[in-house]
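Visitor: Can you walk me through this one? Keep it quick, please.
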Amino acid sequence: MNKLKLLVVGCGNMGVSHAKAYHKMDEFEIVGLVSRGDSKAKLNAELGNAYALFSDFEEALQQTKPDAVCISTYPDTHESYAIQSFDAGAHVFLEKPIADSVLGAEKVIAAAKRNKKKLVVGYILRYHPSWVRFIDESKKLGKPLVMRMNLNQQSQGYMWDVHRSLMESLSPIVDCGVHYIDVMCQMTSAKPTQVTAIGARLTDDIPAGNYNYGQLQIRFDDGSVGWYEAGWGPMVSETAFFIKDVFGPKGSVSIVAKEASQTGNSDSVASHTKTESIRVHSSAIDEQNKFIHPDQWIDLQDEPDHQELCDREQSFFLKAIREDLDLTKSMDDALNSLKIAIACDESVKTGEVVKL
């Protein structure tokens, strides 16, 4: 079977990991690395200087004529790059969020369907066995659910450069929040009805209309509620780094980070997916109101690191192409989580409750 010609667009954190995945997969042939700066040359050196380098996306697309394109650029380019790729006859792996607007995301999905090509969106937690187990355990807790999640990052150095660039187009609760909104929607399988959110601009180092701290709240039609909090920057408290916690009538389930939550790890990409342990608590009590069952600790043997998760994402992308998988639901889910996140962003900026 012929190798799939693959164009890598964006050579930052996620682009590097995805490129490394393609580099070691026999089924893909990287035909080019694209970035505006020197990140592509650094990545190429890591990969043995094996690949053509481009600074212009459209030129790269035209010259390489790829079968598939991996887009890991900043969100304000996602819509344009993805649609051009589909129209050029390529499948697309697209880092989340699909676009920087709901309309843009709808146009991307429409282009995938119009060209009969695959769109896989980089919701990395969907490929993590511990997060899959976390969601499965939460579904055993009854309804309604209370879902508490955050990912605050005390970013500095290179990561503060990354975060400031991201905030040129999106807030933390949109860029990061789509992951955890997607998780909440999987846990409840319920319809979100309204959102409220707050935010604060803690530095003049970001655009005037944006904020680097945000917290959102979602109500669902089954009575479930959830909140998510994200802050980026050198002023953020690391004490507030990591909460992944759900409870319902029958008990609770939590991801407990140990090494990942140590000082200095909050802006490390590797620590964001590291689960380490899942703690399951039963609310069952006896006639003296004492707990009947001790808490259960689940330590899964299959604990992939960040690179392995990206490898799994790209294995799925290959499977979707080769086996012509129907990706309608996953595209709808990605659009749904973005709609909710954008509504939360609207709530921050207007101070109003937003009905869904």
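Guide: One term before anything else. Buried means under 20% relative accessible area, exposed over 50%, and partly exposed in between, using a 1.4 Å probe and protein chains only. By that scale Arg164 is partly exposed, at 23% relative accessibility.

Visitor: What sort of model is this, and how are residues numbered?
Guide: This is a predicted model; local features need pLDDT of at least 70, side-chain atom pairs count only at pLDDT 80 or more, and totals for chains, interfaces and linings use all residues. Residues are numbered from 1 along each chain as its sequence is written, and side-chain values use heavy atoms, with hydrogens and water left out.

Visitor: Back to Arg164. Which residue does it meet in a salt bridge?
Guide: Asp205, at 2.6 Å from N to O. A salt bridge here is a side-chain nitrogen of Lys or Arg within 4 Å of a carboxyl oxygen of Asp or Glu. Asp205 is partly exposed too, at 40%.

Visitor: Where do Arg164 and Asp205 lie?
Guide: Arg164 is in helix H7 (residues 157-166), and Asp205 is in the loop between strand S8 (192-200) and strand S9 (213-220), so the pair ties together parts 41 residues apart in sequence. Helices (H or I, at least four residues) and strands (E, at least two) are DSSP runs, numbered from the N terminus.

Visitor: How many salt bridges are there?
Guide: The count is 19. Some share partners: Arg126, Asp182, Lys329 and Asp333 are joined into one network.

Visitor: What does Asp175 pair with?
Guide: Lys96, with the closest N and O atoms 3.3 Å apart. Asp175 sits in helix H8 (172-175), while Lys96 is in the loop between strand S5 (91-95) and helix H5 (102-114). The pair links distant parts of the chain, 79 residues apart.

Visitor: Is that Asp175 buried or exposed?
Guide: Buried, with a relative accessible area of 6%. Lys96 also counts as buried, at 12%.

Visitor: And what about Lys140 and Glu137: what joins their side chains?
Guide: A salt bridge, 3.2 Å from N to O. Lys140 is exposed at 51%, whereas Glu137 is buried at 7%.

Visitor: New topic. Which residues of helix H4 are buried?
Guide: In H4 (residues 78-87) they are His78, Tyr81, Ala82, Ile83, Ser85 and Phe86.

Visitor: What covers them?
Guide: The cover includes strand S1 (4-9), helix H3 (57-64), strand S4 (68-71), S5, H5 and strand S6 (119-122). Contact means heavy atoms within 4.5 Å.

Visitor: What follows H4?
Guide: Gly89, with a positive phi near 90°.

Visitor: Now pockets. What is the volume of the largest pocket?
Guide: About 1,200 Å³. A pocket is found on a 1 Å grid over the protein atoms alone: an open set of points where a 1.4 Å probe fits, with protein on both sides within 12 Å along at least five of seven lines. Lining residues have an atom within 4 Å of a point. Grid points are joined across faces, edges and corners, and the volume is the space filled by probe spheres set on the points.

Visitor: How many residues line it?
Guide: The largest pocket has 49 lining residues, with Asn13, Met14, Ser72, Tyr74 and Val162 nearest its centre.

Visitor: Which element gives the largest share of the lining?
Guide: H7, with seven residues.
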